[in-house]
Amino acid sequence: MDEYQLIIWKNKILKEDPDTEFDKKKPFSVCHSKCGDIVKIKEPYNSTHFCDHSKNCTKESRKRRPAAGMPSLASSAGRKGDCQYQ
Ligand SMILES: [Zn+2]
């Protein structure tokens, strides 16, 4: 992994979401702090996907969206924006 590229990329993500937490084991699965969703980055060092999510992730969209995703994790309890890496 290219540490330098990674730092640049992380800075881009942090500009978009300053409260993001990175998983050391899976740096390209980024948790969006506002909704607690894990955004999987499709291309390494590409922040576009996360920025798109951030733009589309509004109070409205969070309300409308059913608790879908990973069925085992999608229980309604304890899901209030906490980052839940597996
Ligand atoms: Zn989000």
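This section describes the fold, the core and selected residues of a predicted model. Residues are numbered from 1 along each chain as its sequence is written. In this predicted model, local features need pLDDT of at least 70 and side-chain atom pairs count only at pLDDT 80 or more, while totals for chains, interfaces and linings use all residues.

Confidence was examined by chain and by element. The mean pLDDT (the predictor's confidence in each residue, from 0 to 100) of the protein chain is 81. Of its residues, 76% reach 70 or more. Confidence is highest in H1, at a mean of 94, and lowest in H3, at 80. Over residues 70-80, pLDDT stays under 50. For this stretch the model has 7 contacts beyond four places in sequence; a contact requires the C-beta atoms of two residues, placed from the backbone, to lie within 7 Å. Where pLDDT is low, the predicted coordinates should not be read in detail.

The protein chain has 3 helices and 3 strands. Both are DSSP runs numbered from the N terminus: helices are H or I with at least four residues, and strands are E with at least two. Along the sequence, the pattern is α-β-β-β-α-α. The strands form an open sheet in the order S1-S2-S3, with antiparallel pairing. Strand S1 (21-22) and S3 are the edge strands, each pairing on one side only. Pairing here requires at least two DSSP bridges between two strands. Strand S2 (residues 29-31) is joined to S3 by 3 bridges, and the two run antiparallel. Ser-29 stands opposite Lys-40 in S3. Strands of a sheet pair through backbone hydrogen bonds, either parallel or antiparallel.

Buried residues make up 10% of the 86 residues in the protein chain. A residue is buried if 20 or more other C-beta atoms lie within 10 Å of its own, exposed if 12 or fewer, and partly exposed in between, with C-beta atoms placed from the backbone. The largest nonpolar core has 6 residues: Trp-9, Ile-13, Val-30, Cys-31, Val-39 and Phe-50. Helix H1 (3-16) and S2 are the elements that give two or more residues to this core. Such a core is a set of buried Ala, Val, Leu, Ile, Met, Phe, Trp, Tyr and Cys residues joined through C-beta atoms within 7 Å. Beyond four places in sequence, Val-30 touches Ile-13, Thr-20, Phe-22, Val-39, Ile-41 and Phe-50. Among contacts in the protein chain with a separation of 6 or more, 38% involve residues 24 or more positions apart.

Two loop residues come together across the sequence. His-32 is found in the loop between S2 and S3. It counts as buried because it has 21 C-beta neighbours inside 10 Å. Its contacts beyond four places in sequence include Asp-17, Thr-20, His-53 and Cys-57. The C-alpha atoms of His-32 and Glu-21 are 8.0 Å apart, at 11 residues in sequence. Cys-57 lies in the loop between helix H2 (48-56) and helix H3 (59-64). With 18 other C-beta atoms within 10 Å, Cys-57 is partly exposed. Outside four places in sequence, Cys-57 is in contact with His-32, Lys-34, Cys-35 and Arg-62. Cys-57 and His-32 are 25 residues apart along the chain, and their C-alpha atoms are separated by 9.1 Å.

Tyr-45 is found in the loop between strand S3 (38-40) and H2. Tyr-45 has a positive phi of about 65 degrees although it is not a glycine. Tyr-45 is partly exposed, with 16 other C-beta atoms within 10 Å.
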